[in-house]
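Biologist: I'd like to learn how to read charged pairs and helix packing in a structure like this one. Can you walk me through it?

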Amino acid sequence: MRDVRAGARYLGRGQRWVMGHGRWFGFGLLPALITFVLYAAGLAAFAFATDDIVTWATPFADDWAWRAPLRTLFAVLLWLAVLGIALLTFTAVTLLVGDPFYEKLSEETEKSYGGCPEGPDRSLAAELWIALCDSLYVLWRAALFAVPLFFLGFLPVVGQTVVPALGFCVSGFFLAVELCSVAMQRRDIPVRERLRLLGRRKGLAIGFGLPLVLCFLVPFVAVLLMPGAVAGAALLVRDVLGEDTEPREDGAQDASQPQAAQGDLGTQQGPWAPQTPWGQQGPTGPGGAVDPRGAWSSAEGKPGH
């Protein structure tokens, strides 16, 4: 539960950061507003078509005496599934639309918390392509949970109580993964490793993402919370990677020498002390020399050893 509370605190700290930096709050509103208008139009069109979709999907129930309750239940579950997909994809699409905006916002947040690692030298087109591929991969992984939960929703009692709660937690976790992609992509951490890192801190990710999922159910709230969510996700990433999460008064610490903080990757005195390409502590060779193999083992897709 401590990780869950910590995740919620990072969300609150991100919102406070953008409120205290009004220019960046306004900077992050525009992409979310554009995406919100597009999604609102799409959901409105879906609402008008729901009855026809439900009738088309349940032709076997035309002569059933209880076809109305069945189709009502199916419509509710269908709406929950569509809303879940909308919540996950809204963040991904917003991050794609506002990639330069949110990258800069995330970078400025990290600078005020002890330095920001330099991102890889790639063109905007390459960054957008990588972000799109990563988002599709995350969406596919989320669907592996969402589809079974959708069908479990037809179970009596459990389907109307436990299953929706699990669905919100799953949505919260993957929403956190999407938001953390900005800071993790800047460190050139591949998407599978992002899922592994956050999977080790599920409570932290769910504590961050679940309140957002619930708030995003209220129209237009997603637009207002997106800038702070990106800022908070940058802090969450720093926690997961063992970096400093306490603000600096001058915000001018060199990104190549971040303050060590207790986290998943050890401390500055531990085996991760030398710096890796994404600004984290990396492995050492004999005599304390930096291991030339770098941060990731291409054979295993995890930190080198």
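This is a predicted model: local features need pLDDT of at least 70, side-chain atom pairs count only at pLDDT 80 or more; totals for chains, interfaces and linings use all residues.

Biologist: Which residue forms a salt bridge with Glu110?

Modeller: The general idea comes first: side chains of opposite charge can pair when their charged atoms come close. Here the partner of Glu110 is Arg187, with 2.5 Å between the closest N and O atoms. Arg187 counts as buried too, because its relative accessibility is 1%.

Biologist: Where in the chain do Arg187 and Glu110 sit?

Modeller: In distant parts, 77 residues apart: Glu110 belongs to helix H4 (residues 99–111), while Arg187 lies in the loop between H6 and helix H7 (191–199).

Biologist: How many salt bridges are there by this rule?

Modeller: The count comes to 16. Another one pairs Arg201 with Asp239, the closest N and O atoms being 3.4 Å apart. That pair also links distant parts of the chain, with Arg201 in the loop between H7 and helix H8 (202–216) and Asp239 in helix H9 (residues 221–240), 38 residues apart.

Biologist: Are Arg201 and Asp239 buried or exposed?

Modeller: Both are buried. Elsewhere, salt bridges with shared partners join Glu103, Glu110, Arg186, Arg187, Arg238 and Glu243 into one network.

Biologist: What about Glu127: which residue does it form a salt bridge with?

Modeller: With Arg122, at 3.5 Å between the closest N and O atoms. Glu127 is buried, with a relative accessible area of 14%, whereas Arg122 counts as partly exposed at 28% relative accessibility.

Biologist: Now for helix packing. At what angle do the axes of H5 and H6 cross?

Modeller: For a helix pair, look at the axes and their directions. Helix H5 (residues 124–152) and helix H6 (residues 162–186) have axes that come within 10 Å and cross at roughly 170°. H5 is therefore roughly antiparallel to H6, since angles over 145 degrees count that way.

Biologist: Which residues make the contact?

Modeller: From H5, they include Glu127, Ile130, Val138 and Phe145; from H6, among them are Val163, Leu166, Val170 and Phe174. The contact residues divide into twelve nonpolar, three polar and four charged.

Biologist: And zooming out, what pattern does the chain follow?

Modeller: Along the sequence it reads α-α-α-α-α-α-α-α-α-β-β, with nine helices and two strands. Of the 305 residues, 46% count as buried. Among contacts between residues at least 6 apart in sequence, 71% join residues at least 24 apart. The chain exposes about 15000 Å², and carbon and sulfur atoms supply 67% of it.

How values were computed. Residues are numbered from 1 along each chain as its sequence is written. Side-chain values use heavy atoms; hydrogens and water are left out. Axes are lines fitted to C-alpha atoms, for helices over the stretch in contact, and angles run from 0 to 180 degrees between N-to-C directions. Helices (H or I, at least four residues) and strands (E, at least two) are DSSP runs, numbered from the N terminus. Angles under 35 degrees count as roughly parallel, over 145 as roughly antiparallel, 65 to 115 as roughly perpendicular and the rest as oblique. Contact means heavy atoms within 4.5 Å. Ala, Val, Leu, Ile, Met, Phe, Trp, Tyr, Cys and Pro count as nonpolar, Asp, Glu, Lys and Arg as charged, and the others, Gly among them, as polar. Buried means under 20% relative accessible area, exposed over 50%, partly exposed in between (1.4 Å probe, protein chains only). Accessible areas come from the Shrake-Rupley method with a 1.4 Å probe; for residues, only the protein chains shown count as cover. A salt bridge is a side-chain nitrogen of Lys or Arg within 4 Å of a carboxyl oxygen of Asp or Glu.
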